[in-house]
Amino acid sequence: MLNAGIIYAACVAGAVGVLLMLPRRGSQLALLGGLIGAASLGAALLAVLNVTQGADPPVGERPGVFFIVLAFVAAAGAARMITHPRPVYAALYFILVILASAGLLVLLAAEFMAFALVIVYAGAILVTYLFVIMFAQQAAEEGQEANESAPYDLSAREPVAAVAAGFIMLAALLGLMYRGTGQLDSSSVMNAQAAARMVESDPAFALLVQKAERALADQGTLEPGETVAWIESNDREAWLTREDSASAESGAGRLVTLPGDFQIDNVERLGLSLMSEFPASLEVAGVILLMAMLGAVVLSRKIQPLMTPAGGTDTGSA
Amino acid sequence: MQPISIISLNAYLLVSAVLFALGLIGFLTRRNLIIMFLCTELMFQAAAIAMIAFGAYHMDIQGQVFLIFVLTVAAAEAALALALVVALYRRRNSLDAEVWSEMSG
């Protein structure tokens with residue numbers, strides 16, 4: 001198990017790298033730590049990309065150059081975010097991590113979630129964080145120079161123990177991951193067949209079938225009495241069957257190519273699945289957001305002393 | 001939709017695990033309350049990548065649907081955590097987590 005050895009060694013080297021990057025008074029080794037961390041991530045990626053190299057995997061099986069670049073940007077942004085002594089910069093580096101991981105989601109054909117992540121995280125949540133950071137800094141900066149970090153940002157708390165804990169967890173995760181994913185069926189063809197079955201059992205599938213039938217009827221391919229039995233998982237072909245009993249028993253039918261402009265896009269799939277399978281969860285999510293809003297209002301209000309009619313002060317509610 | 005290979009799945013899971021570990025280390029080492037909560041958001045992000053990668057491997061859209069709910073919880077968590085941070089900041093006039101160390105008991 002050479003590959004597992006490389007990964008564990010990369011975990012150790014990465015731990016040393018992150019340890020050197022953590023903020024400490026008088027430490028000049030951050031750049032060296034960053035280089036060690038980047039090298040160990042590269043070694044781990046190389047080990048992963050070769051991990052199941054029995055026969056030569058077909059072209060296109062491995063993630064491309066965009067994945068490598070985005071992975072390095074995400075990891076570097078995350079490392080800089082947890083080591084930067086100034087909170088505003090840490091938040092900005094987190095935005096970099098979000099953008100990189102949104103790029104990874106685009107590579108995984110999850111476009112809607114990629115853009116939702118950028119809008120919700122980088123847009124809404126991070127702006128809230130920046131507001132709170134600046135609110136706190138403005139008050140703190142009265143006593144010190146404008147360009148100086150607060151003392152508690154300049155030194156890490158228990159760096160050795162924390163880095164050891166984090167990287168032991170990482171090594172355990174990666175070790176278990178290889179044992180686990182080695183047991184998955186490795187053939188993409190089998191995956192595609194399983195996925196086709198999954199699509200058929202999907203309640204949203206009926207809506208997709210209707211859409212395919214409309215598209216085929218517009219094209220003139222669909223003859224009277226024929227219905228779409230299933231759509232191939234590549235979204236390019238559909239299997240048509242006749243409704244009458246003779247052909248239903250024999251399983252006869254024909255495979256037709258769907259029109260070129262027919263496609264089931266990511267948002268459509270996502271919306272159909274969300275609305276047809278998880279409507280109750282959607283309601284619960286709304287309640288969670290409402291409760292969070294109320295909680296935030298209650299927690300962050302100022303306690304104002306109230307004037308009582310007698311002229312004294314009352315402390316209001318706790 | 002084409003499923004990704006196991007090699008790709010492993011690579012995405014590696015990135016996800018690295019981000020999660022970095023978030024954990026950040027949460028443990030930083031003393032600034034706001035940065036500590038920012039690190040939990042980093043861990044959410046790592047979980048999101050893992051979920052989408054598994055969804056792409058199994059060609060199952062539910063990985064992405066679940067991420068919508070994760071995003072909801074993350075937004076609610078951010079709102080409440082920041083409200084708590086502001087409340088704590090008003091009490092001690094510092095964002096240092098160590099000033100609350102007597103709460104450890």
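The expected span of a helix is 1.5 Å times one less than its number of residues. Helices here are DSSP runs (H or I, at least four residues), numbered from the N terminus.

This is a predicted model, where local features need pLDDT of at least 70, side-chain atom pairs count only at pLDDT 80 or more, and totals for chains, interfaces and linings use all residues. Residues are numbered from 1 along each chain as its sequence is written, and chains are lettered from A in the order in which they are written.

**Stop 1: helix 3 of chain B.** Select 62-92. With 31 residues, this helix should span 45 Å, and its end C-alpha atoms sit 44 Å apart, which agrees.

**Stop 2: the side of chain B that touches chain A.** Here 67 residues of chain B are in contact with 84 residues of chain A (C-beta atoms, placed from the backbone, within 7 Å). Helix 1 (6-29), helix 2 (33-58) and helix 3 of chain B each supply at least two residues, and helix 3 gives the most, with 22.

Stop 3: To see the contact, show residues including A:L170 and A:L173 on helix 7 of chain A, and B:L13 and B:A17 on helix 1 of chain B.

Conventions: Contact = placed C-beta atoms within 7 Å.
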